Amino acid sequence: MSKPLKQIHLAAHFPGVNNTTVWSDPQAGSHIEFSSFAHFARTAERARFDFLFLAEGLRLREQGGKIYDLDVVGRPDTFTVLAALAAVTEHLGLTGTINSTFNEPYEVARQFASLDHLSAGRAAWNVVTSWDAFTGENFRRGGFLPQQERYSRAREFLQTAGELFDSWQGDEILADQPGGTFLRDAKAGAFVHSGQHFDIEGQFNVPRSPQGRPVIFQAGDSDEGREFAASTADAIFSRHATLTEGQAFYTDVKNRLAKYGRHPDQLKILPAASFVLGDTDADAEELAHEVRRQQVSGATAIKHLEFVWNRDLSAYDPDGPLPDIDPDPGEHTIARGRAQVRMYRDPLATAREWRERAAANKWSIRDLVIETGNRQNFVGSAATVAAAINDLVQADAADGFILVPHITPGGLDTFADTVVPLLQERGVYRTEYEGTTFRDHLRLTHPDKAAGERAAS
Amino acid sequence: MSLSPSPLHLAVALDGAGWHPAAWREPVARPGELFTARYWADLVAEAERGLLDFVTIEDGLGLQSSHPVEPDGCTDQVRGRLDAVLIAARVAPLTRHIGIVPTVVATHTEPFHLSKAIATLDYVSTGRAGLRVQISARQNEAAHFGRRTLPHIDPLNDPHAWESVAVLFDEAADYVEVVRRLWDSWEDDAEIRDTATGRFIDRDKLHYVDFESPHFSVKGPSITPRPPQGQPVVTALAHETVPYRLVARAADVGYVTPHDGAQARAIVGEIRAEQSAAGRAGELLHVFGDVVVFLDDTEAAARARRDRLDALAGYEYTSDARIFAGTPVQLADLVEEWVAAGLSGFRLRPAVVGHDLPAITRKLVPELQRRGVFRTVYEADTLRGLLGLPRPANRYTTTTTPAFASVSAGSAAAGA
């Protein structure tokens, strides 16, 4: 008998501060006004998406000592937007990226538990780590954390938050008006945590929320990051949206679960993916090419090269050949506050490879940047894109995708209207929400139920 | 027609089922719903029906306690609460006119996070956000964070308790200063979307705030652009000279707790003196009286209700603020008397939210309208507009933009 069809999970990533966003398009709206977020969320809910995703940044990025001005700059506060979106949606999961370095467990646990109450069980937390002094300059803490300790702190942060979420069992609020007992137990919410990073005690003051704990996302790709996710996360926000890389990542991470006593279904793998839709495949290809040119101007191409070269390259012609000087191998000082910089772990090798590829293909700097990055994951007619998404999910390259449109806020509309119905026809995508909480959408066990089953076995 | 803001301002302080510890036991209370969005949405909608200027939402970083500095272990009163900023954001899209002012604790939180949260609340509410800044001197709350230890303070027996917490108020003043600088760290027209040069922003219109103090330092700029009101409304509760100074230095609205007209006059005088000393003599700074209210059609009914709740609680309820038990007409008299003493508004604390909030919106407000001292329609779409507070000029703007620098009170402020 053939394997049953997997159900696809889809999510909507609000286009943020990077050059996938095409702000120069006449249809591009505000990335700050609430009306943009409301439109985006309502479209995602209309398409029965699992959730909406917000990224984070805690310091404006700089290049060459100046605030970066070529991409969208600025974003609203994550918790505040998600709580407001809970008022204009009913089912959509609400996932916020919240840093474990420049926050405290008590406060973050309160915020997520509050969001879960206020959304009736739709809160999720993408736990990210940071350590740099650059971001730290905006916080009381400063840049205090050695890089090698970031996962250690993140792990303990998440563990501590979990202890706070679990400090209420869920049956403490009696609210017995005639009898006069509000709280069953004066010690509700009591906790003590003593560890390497946190030494706290007291009583948590938010009662247990509908999901018990928010859904936990993790995004790290290193060996340590994958292990962290396998041990603690409900879902992974990855960047491997192709067949070969996706399958390798999927297999690797799912195989890590057993040692933590977990089943492969308990961790969903959801790569970020961009897309371009057209009436025909040829239309879509043409549009995709145009979008890439909008995303990478000559100035953007030079700045992008500086992420690798760690040098001021403003004197170079973006339509000319790549620099023949080598990257500065020292501490990266030219671009600050960018995750991309860390992707090029060996800048000298990257530069060598890029020069060879550019020479072989007669690419200019701008051509090189366009060809090596920002290629849309799904390009084609609605039928082509629906088939591609389904093929990747059925081939275990992913459990679904977190879609990143290039236009704010209407970039999902066509996808919702054309691709989603095709996936529904194939029987691989829900036509109605089956439950009310985000855990229901991801088919994750409620943590209380899981704990109960463990205790019973 | 141009409307001038109401001469009298009314806010209501929302906290659980109400301010009386037995409020949750009244049949109109919904104690099982205190942790739902619908409960809060209903309360704020009721306040908006009464054309109130704003609601405040109480908060704290520990369980509520009847003891001033320690947990009390009570199980017969409401315990537990949701984050006030998140409640505010959750109800904001469901309302159109009323200001929404959550409480934030300066002692244990990050001004950078808070600044963007309130700026975002201002976007979400299209210009109706404020904050109420509070300190925490509780040792048990400090232990929830584990980053600082606070001395034990006994406000009941230590005549110098206020001096002991003065450092926390100084820190709160710095906190507000950082928050306001971060709101200003983007000029209003920083986003240019200049396709000719490929620049999304004019980075010369973004500013590092470079704040340094003994308490903390913050670089900036904010990650969130300047909010619709420029600076949302900053408020604080104050009972003594030290916190009066915080109000005078840092706030747009101060809440005070006189027990009669003479005290109201004295407190306003003290705050005005501190305001001059802080160099803000020319600025509009509202002083609101906080009053706990039991409102019924007869004074006897209000007093009987208070007695009944005291009996349920097992002790006589006392408060920092005056406790008023009487009719809406009597409360309107008190309002007029205290306005004559120099107050510009009131923050009423409903003893039982389910009873006294509708009594405020449906009985007190019509009475004040009959007397011609309270608005009959919302005169502005922003909280600053309602309060007659100008939209602040941006301290970092180098080229003057008159349209923003001197927006008059009222509807003009809504255009931001």
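**Helix packing, barrel and salt bridges in the predicted model**

A:Leu368 touches A:Leu305, A:Leu322, A:Trp354 and A:Trp363, residues up to four places away in sequence being left out of the count. The model described here is predicted. A:Leu368 is part of helix 12 of chain A and has a relative accessibility of 0%, so it counts as buried.

In helix 12 of chain A, A:Ile365, A:Arg366, A:Leu368, A:Val369 and A:Ile370 are buried. Against these buried residues pack helix 8 (281-295), helix 9 and helix 11 (347-361) of chain A. Two packed helices are described by the angle between their axes and the distance between the axes. For helix 9 (residues 298-309) and helix 12 (residues 365-372) of chain A, the axes come within 9 Å and cross at roughly 75°. Helix 9 of chain A is therefore roughly perpendicular to helix 12 of chain A. On the side of helix 9 of chain A, the contact is made by A:Gly298, A:Ala301, A:Ile302, A:His304 and A:Leu305, which meet A:Ile365, A:Arg366, A:Leu368 and A:Val369 of helix 12 of chain A. By class, the residues of this contact between helix 9 and helix 12 of chain A comprise six nonpolar, two polar and one charged.

The strands of chain A include a closed barrel. Eight strands form this barrel in the order 1-2-5-6-11-12-13-17 (chain A), and their pairing is parallel. From one strand to the next, the twist averages 30°. Strands of a sheet pair through backbone hydrogen bonds, either parallel or antiparallel. Strand 1 (residues 9-13) and strand 2 of chain A pair in the parallel sense, over three bridges. Within this pairing, A:His13 has A:Phe53 of strand 2 of chain A as its bridge partner. In a regular strand the side chains alternate between the two faces of the sheet. In strand 2 of chain A, A:Phe51 and A:Phe53 point one way, whereas A:Leu52 and A:Leu54 point the other way, and all are buried.

Helix 2 (residues 78-88) of chain A lies across strand 2 (51-54) and strand 5 of chain A, and runs at about 170° to strand 5 of chain A. Helix 7 (residues 243-256) of chain A also packs on the sheet, where it touches strand 12 (235-238) and strand 13 (268-273) of chain A. The direction of helix 7 of chain A makes about 150° with that of strand 13 of chain A.

Side chains of opposite charge can pair when their charged atoms come close. Over all chains, the count comes to 71 salt bridges. One of these joins A:Glu62 to A:Arg59, with the closest N and O atoms 3.1 Å apart. A:Glu62 is buried, with a relative accessible area of 7%, and A:Arg59, at 8% relative accessibility, also counts as buried.

A salt bridge between A:Asp223 and A:Arg256 has its closest N and O atoms 2.9 Å apart. This pair links distant parts of the chain, since A:Asp223 belongs to helix 6 (residues 223-232) of chain A and A:Arg256 to helix 7 of chain A, 33 residues apart. A:Asp223 is exposed, with a relative accessible area of 53%, whereas A:Arg256 is buried, at 11%.

In chain B, B:Arg132 forms a salt bridge with B:Glu58, the closest N and O atoms being 2.8 Å apart. The partners are 74 residues apart and link distant parts of the chain: B:Arg132 lies in strand 4 (residues 130-134) of chain B, and B:Glu58 in the loop between strand 2 (54-57) and helix 2 (84-91) of chain B. B:Arg132 is buried, with a relative accessible area of 3%, and B:Glu58 is buried, with a value of 10%. In chain A, salt bridges that share partners join A:Asp221, A:Asp223, A:Arg226, A:Glu227, A:Arg239, A:Asp252, A:Arg256 and A:Lys259 into one network.

Key:
Residues are numbered from 1 along each chain as its sequence is written. Chains are lettered from A and ligands numbered from 1 in the order in which they are written. This is a predicted model: local features need pLDDT of at least 70, side-chain atom pairs count only at pLDDT 80 or more; totals for chains, interfaces and linings use all residues. Side-chain values use heavy atoms; hydrogens and water are left out. Axes are lines fitted to C-alpha atoms, for helices over the stretch in contact, and angles run from 0 to 180 degrees between N-to-C directions. Helices (H or I, at least four residues) and strands (E, at least two) are DSSP runs, numbered from the N terminus. Angles under 35 degrees count as roughly parallel, over 145 as roughly antiparallel, 65 to 115 as roughly perpendicular and the rest as oblique. Contact means heavy atoms within 4.5 Å. Ala, Val, Leu, Ile, Met, Phe, Trp, Tyr, Cys and Pro count as nonpolar, Asp, Glu, Lys and Arg as charged, and the others, Gly among them, as polar. Two strands pair if DSSP finds at least two bridges between them. A salt bridge is a side-chain nitrogen of Lys or Arg within 4 Å of a carboxyl oxygen of Asp or Glu. Buried means under 20% relative accessible area, exposed over 50%, partly exposed in between (1.4 Å probe, protein chains only).
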